[in-house]
Amino acid sequence: MNRALSIRSGGKSGKGSSSGSQLPSFSFSSLRGQSQPELSRKLFKLIKSENNLINAHEAAGRERINIATQLSEWGEQTGDDAISDISDKVGVVLSEIGEQEDTYAHALDDSRGRLKSIRNTEKSVQPSRDGKAKISDEIAKLKMKEPESARLVVLEQELVRAEAENLVAEAQLSNITRQKLKEAYDAEFLATIERAEKQIILAKHGRRLLSLLDDTPVIPGDTRPNYTDSSQARQILNDCEDDLRDWRPEVEPYDAPVEETSPAKEKQPALDVEADDGAKETETETKIMGSA
């Protein structure tokens, strides 16, 4: 987990927080959204939303670490050795969960970068589409006004070149879209699996720590036994760190499409049962008639 066995700072910082509120900087993000080509406008919004999601995970990670620190500091001031030690060790686990959120946010940012490749390609294809459409409109208008105009031949030649250029651009867009879409969300799903499995590791060891805390009710006036599980709590954190370090991704190929089962195949077992029941009834009747 690359951190000490305690999360406590050991002292308060003497720096005071500034009371003045800082004005937000002016942003052209809304104007950029409006200036996007029509072809890439929806993906631009998606990428912007992905950025908001990344910021949310980063904020969640920071809050988790902050809560872990507060838990540890609260446990220290209770004066109970068991609560002090367990809350500190649980704080270490919670803090590592917060670090996992930050790692996950970085993975989402990498996935977002692949979507940007699609958006940039869409932006480059838009002029090709617009150019072809513009020439087609000019030809249509000229045929209405001057059907015998010599410029029609020139425009039709330009249209052929524009269509050829657009054909290449559209093929490139199709290839990049499929490739980068698959890469982007494959990376996101793999990061989600890693985050989930590591969180499971941390949560299980966190519960092991909680099992060391004796919560048996005591009668007023009685004293609890001395806390003697400090070394075991440290070992649990060591085990947790080892499990995280030994974790390896299990990269599996994409699953094959699920084959649809025909209604006839689904009903076949029921028909077999009915046939077996009919055979049993016939056999029973034969035995009865024979005995008679």
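Q: How many aromatic pairs does the structure hold?
A: The structure holds zero aromatic pairs. Keep in mind that this is a predicted model.

Q: OK, then which residue lies over the face of Y104?
A: That is R195. It sits 4.6 Å from the ring centre.

Q: Step back a bit. What does the secondary structure come to?
A: Six helices and zero strands. Along the sequence the pattern reads α-α-α-α-α-α.

Q: And how much of the chain counts as buried?
A: 26% of the 292 residues.

Q: Tell me about α3. How many residues, and how far does it reach?
A: Helix α3 covers residues 81–145, which is 65 residues. From first C-alpha to last it reaches 95 Å.

Q: What goes on at the start of α3?
A: D80 makes a contact there. One of its side-chain oxygens comes to within 2.9 Å of the backbone nitrogen of A82.

Q: Switching to charges. How many salt bridges?
A: The count is 10.

Q: Let's take some of them. Which residue does R114 meet in a salt bridge?
A: One partner is E183, with N to O at 3.6 Å. R114 belongs to helix α3 and E183 to helix α4, residues 151–211, so the pair ties together parts 69 residues apart in sequence.

Q: Which residues are linked with R114 in a network?
A: K180 and E183. Salt bridges link the three of them.

Q: Next one. What does R151 form a salt bridge with?
A: With E138. The closest N and O atoms are 3.5 Å apart. R151 lies in helix α4 and E138 in helix α3, so this bridge ties together parts that are 13 residues apart in sequence.

Q: And the accessibility of R151 and E138? What are the values?
A: R151 has 43% relative accessibility and counts as partly exposed. E138 is partly exposed as well, at 29%.

Q: What about D239? Which side chain does it meet?
A: R208, in a salt bridge of 3.3 Å, N to O. D239 is in helix α5, residues 230–246, and R208 is in helix α4, so parts 31 residues apart in sequence are tied together.

Q: How accessible are D239 and R208? What numbers do you have?
A: D239 is at 21% relative accessibility, which counts as partly exposed. The cut-off for buried is under 20%, so D239 does not count as buried. R208 is at 34%, again partly exposed.

Q: Change of topic. Where does UniProt place the "coiled-coil region"?
A: The record puts that feature at residues 152–179. The entry is unreviewed.

Q: What does the model show over residues 152–179?
A: The chain is 100% helix and 0% strand there. The end C-alpha atoms are 40 Å apart.

Q: How far is N166 from S128?
A: 5.4 Å in space, C-alpha to C-alpha. In sequence they are 38 residues apart.

Q: And G206, where is that one, and is it buried or exposed?
A: G206 lies in helix α4. It is buried, with a relative accessible area of 11%.

Q: What separates G206 and V90?
A: Along the chain, 116 residues. Between their C-alpha atoms, 6.0 Å.

Q: Last one. Where is L5 found?
A: In the segment before α1, which spans 29–35. L5 is partly exposed, at 31% relative accessible area.

Q: How far is L5 from Q235?
A: Their C-alpha atoms are separated by 9.7 Å. Along the chain the two are 230 residues apart.

Note on methods. Residues numbered from 1 in each chain as written. Predicted model: local features only at pLDDT ≥ 70, side-chain atom pairs only at ≥ 80, totals over all residues. Heavy atoms only, no water. Helix = DSSP H or I, 4+ residues; strand = E, 2+ residues; numbered from the N terminus. Expected span 1.5 Å × (residues − 1). Polar contact = N/O pair within 3.5 Å; in protein donor to acceptor, adjacent residues only side chain to side chain. Phe/Tyr/Trp six-rings, centres within 6.5 Å; stacked < 30°, edge-to-face > 60°. Lys NZ or Arg CZ within 6 Å of the ring centre and 35° of its normal. Salt bridge = Lys/Arg side-chain N within 4 Å of Asp/Glu carboxyl O. Buried < 20%, exposed > 50% of the residue type's maximum accessible area, 1.4 Å probe, protein only. UniProt positions renumbered as here; feature names shortened; annotations may be inferred.
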